[in-house]
Amino acid sequence: MNVVESIERSVIQTEDLQFYYNTHHALKNINLKFEEKKITALIGPSGCGKSTFLRTMNRMNDLIPGVRTEGAIWIGNENITEPSIDPVELRKKVGMVFQHASVFPFSIYENIAYGPRTHGERNKKVLDEIVEENLRAAALWDEVKDHLDHPATGLSGGQQQRLTIARTLATKPEILLMDEPTSALDPISTAKVEDLIRTLKERYTIIIVTHNMQQAARISDFTAFFLNGEVKEYGQTATLFTNPLFSETKDYIAGKFG
Amino acid sequence: MMAKTIKEIEHTLYRKNSKMRTERFGKSLTFLAVVLTAAITAAILFLVFSKGLSTFIMNDGSVKDFFTGTTWNPAEVNSLGKPIIGALPFIVGSLAITGISALIAGPLAIGAAIFMSEIAPNAGKRIMQPVIELLVGIPSVVYGFIGLSVVVPFLRDLFPGSGFGIAAGTIVLSVMILPTVTSLALDAIQSVPRSLREASLALGSTRWQMICKVVLKTAKPGLLMAIIFGMARAFGEALAVQMVIGNASVIPHSLFEPASTITSILTMGMGYTVMGQVENNALWSLALILLLMSLFFTIIVRMIGKGKSA
């Protein structure tokens, strides 16, 4: 495996990470470093472990019975696989956007305010500000500012996905995990979400799982190619896409298997 | 050439064959079933309405007396020559017993449903679900009998009075509707998509915050529906209530005094009246109230259902 030497300011680093669903060894020896305020794309065929890997980083896999994690994931100075780490606190720092826009069946305002509220923010004025700021950050403010009290389920698919991004930003994370955020969207909505992700790079470290090779090439700085639970190749996106080291990487990017 | 092909296709499409005959047979059979069901429902509605209203039309009963009077003696007439048909004690009894049962069973059922769905799904599925299904199947007379031999003596020892009354009826009914409400509430809670739960946790909420603020809030229409279904069942239940409520046709001043409900008066009285007489018609009026109430519950449930899908 080829870890890019240029990564110096890594905020996330995994160390011999193993992950098991009961007896199934889903992640094998993952050693990755993620650079601060860059976008890293995780690509690979279905079932290769990229979503599982993403979900180990905010401990969402804890919800599944019969799973086991070995090795370490360092975020800053903390190994977040330690049982002493409170997943609730971790998830405030490591936000996640899902494949299907999972807006709550509440109003647009309540969706954004949900995170801050659960973290104890009660002040209406502060909440108003948080809602506006994050809707602006998600490039949704102009479209919804006049009907913040409308149900969020009435928005279009693309708007809903940007809303869930705004909702995640409202919890003030440092790292954003995105699990195929545009796979259910039409091309125009996809373009808008991609633009948004690119602007978010200035403030957040982003790791995105995608099945869309062009998307990975368009938006990411680094790309990790997963195959059968292992990282087959990892490097700068430009290099990996134009000059892959392994024939499997080349074949996958070219669409020979998926 | 083209025209000919279409004609040939038409020919095969319109030709009568055995498949079409089966299709038509099936269609008419199911249609017959629908017509029969509708006809029976319409007949019942007509009977209850015509009989129930004849108290007021044929026997000169006063609607105002019916809803506000406190004395029930349909065989006699009052000073104005109108039958004495004050049904207020029964209406109050029915409403009180239904309301209090819902207040007791609702929170318990929702709590049990949360436990089964969120806290211990394995134990819930393996142990609680079969138990609840079993409880749903217990006949109401058994509940009534247990109420009579356990609840009534228990209340008699603790509180003044005979033990019969609204309190005993409420306890029996709460236990009786609990399994139904629980399994409906469980359906409502389980139908909240997993993605919403994950989204909530991913935003850094605790499991308890997720349950209160996302699961229960999203499932609210379904939970309301569950409670109203329970209320409809409680309102219509006759046998078990009749066995423990004491059957005194007065408005009780406490929960531990004998009272009666619409259903208990109906079951007690129907054997002793003759069709067409005012005593009998007055019972039909009570039946009409029951029917309208169940219609009311159904409409509320439908309205909630509509709001949910919108």
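Modeller: Let us begin with B:Asn247, in the loop between α10 (239–245) and α11 (262–269) of chain B. The model is a predicted one.

Biologist: What makes the phi of B:Asn247 worth a remark?

Modeller: Most residues other than glycine have a negative phi. B:Asn247 is not a glycine, yet its phi is near 55°, a positive value.

Biologist: Why is B:Asn247 called partly exposed?

Modeller: The term covers relative accessible areas between the 20% and 50% limits. B:Asn247 has 22% relative accessibility, and therefore counts as partly exposed.

Biologist: What makes α11(B) a largely enclosed helix?

Modeller: Of its 8 residues, 6 are buried, so the rest of the structure largely encloses α11(B). The buried residues are B:Ile262, B:Thr263, B:Ser264, B:Ile265, B:Leu266 and B:Gly269.

Biologist: Which residue of chain A has a positive phi although it is not a glycine?

Modeller: That is A:Arg59, with a phi of about 55°. A:Arg59 lies in the loop between α1 (50–56) and β5 (67–75) of chain A.

Biologist: Why is A:Arg59 described as buried?

Modeller: Buried means under 20% relative accessible area. The value for A:Arg59 is 12%, so A:Arg59 is buried.

Biologist: Let us turn to salt bridges. What makes A:Lys93 and A:Glu78 such a pair?

Modeller: The rule asks for a side-chain nitrogen of Lys or Arg within 4 Å of a carboxyl oxygen of Asp or Glu. The N to O distance between A:Lys93 and A:Glu78 is 3.7 Å, and their side chains meet in a salt bridge. The pair links distant parts of the chain, with A:Lys93 in helix α2 of chain A and A:Glu78 in strand β6 (residues 78–79) of chain A, 15 residues apart. A:Lys93 has a relative accessible area of 26% and is partly exposed; A:Glu78, at 40%, is partly exposed.

Biologist: Why do B:Glu118 and B:Arg197 count as a salt bridge?

Modeller: The N to O distance is 2.2 Å, and the limit is 4 Å, so the pair meets the rule. B:Glu118 is in helix α4 (residues 88–119) of chain B and B:Arg197 in helix α8 (residues 194–202) of chain B, 79 residues apart. Both B:Glu118 and B:Arg197 are buried.

Biologist: What is the salt bridge across the interface of chain A and chain B?

Modeller: The rule finds 1 salt bridge across that interface. The side chains of A:Arg55 and B:Glu198 meet there, at 2.8 Å from N to O. B:Glu198 also forms a salt bridge with B:Arg194, the closest N and O atoms being 3.1 Å apart. Both B:Glu198 and B:Arg194 lie in helix α8 of chain B, 4 residues apart, about one turn of the helix. B:Glu198 has 9% relative accessibility and therefore counts as buried, whereas B:Arg194, at 52%, counts as exposed.

Biologist: How do you know how much area chain A and chain B bury between them?

Modeller: The size of an interface is often given as the accessible area lost when the parts come together. For chain A and chain B this is about 1,700 Å², 66% of it on carbon and sulfur atoms. In chain A, the residues that lose the most area to chain B are A:Phe106, A:Tyr114 and A:Thr118, together 29% of what that side buries. The contact takes 23 residues from chain A and 18 residues from chain B.

Biologist: Which domains make up the division of chain B?

Modeller: Chain B is divided into domain 1 (24–85) and domain 2 (88–309). Their contact takes 21 residues from domain 1 of chain B and 22 residues from domain 2 of chain B. Between them the two domains bury about 1,800 Å², 76% of it on carbon and sulfur atoms. The count of salt bridges between these domains is 0, while 6 residue pairs are in polar contact across their interface.

Notes. Residues are numbered from 1 along each chain as its sequence is written. Chains are lettered from A and ligands numbered from 1 in the order in which they are written. This is a predicted model: local features need pLDDT of at least 70, side-chain atom pairs count only at pLDDT 80 or more; totals for chains, interfaces and linings use all residues. Side-chain values use heavy atoms; hydrogens and water are left out. Domain bounds come from an automatic or database domain assignment. Contact means heavy atoms within 4.5 Å. Buried area is the accessible area (1.4 Å probe) that two parts lose on being put together, summed over both. A polar contact is a pair of N or O atoms within 3.5 Å; within protein, one must be able to donate a hydrogen and the other to accept it, and residues adjacent in sequence count only if both atoms are side-chain atoms. Helices (H or I, at least four residues) and strands (E, at least two) are DSSP runs, numbered from the N terminus. Buried means under 20% relative accessible area, exposed over 50%, partly exposed in between (1.4 Å probe, protein chains only).
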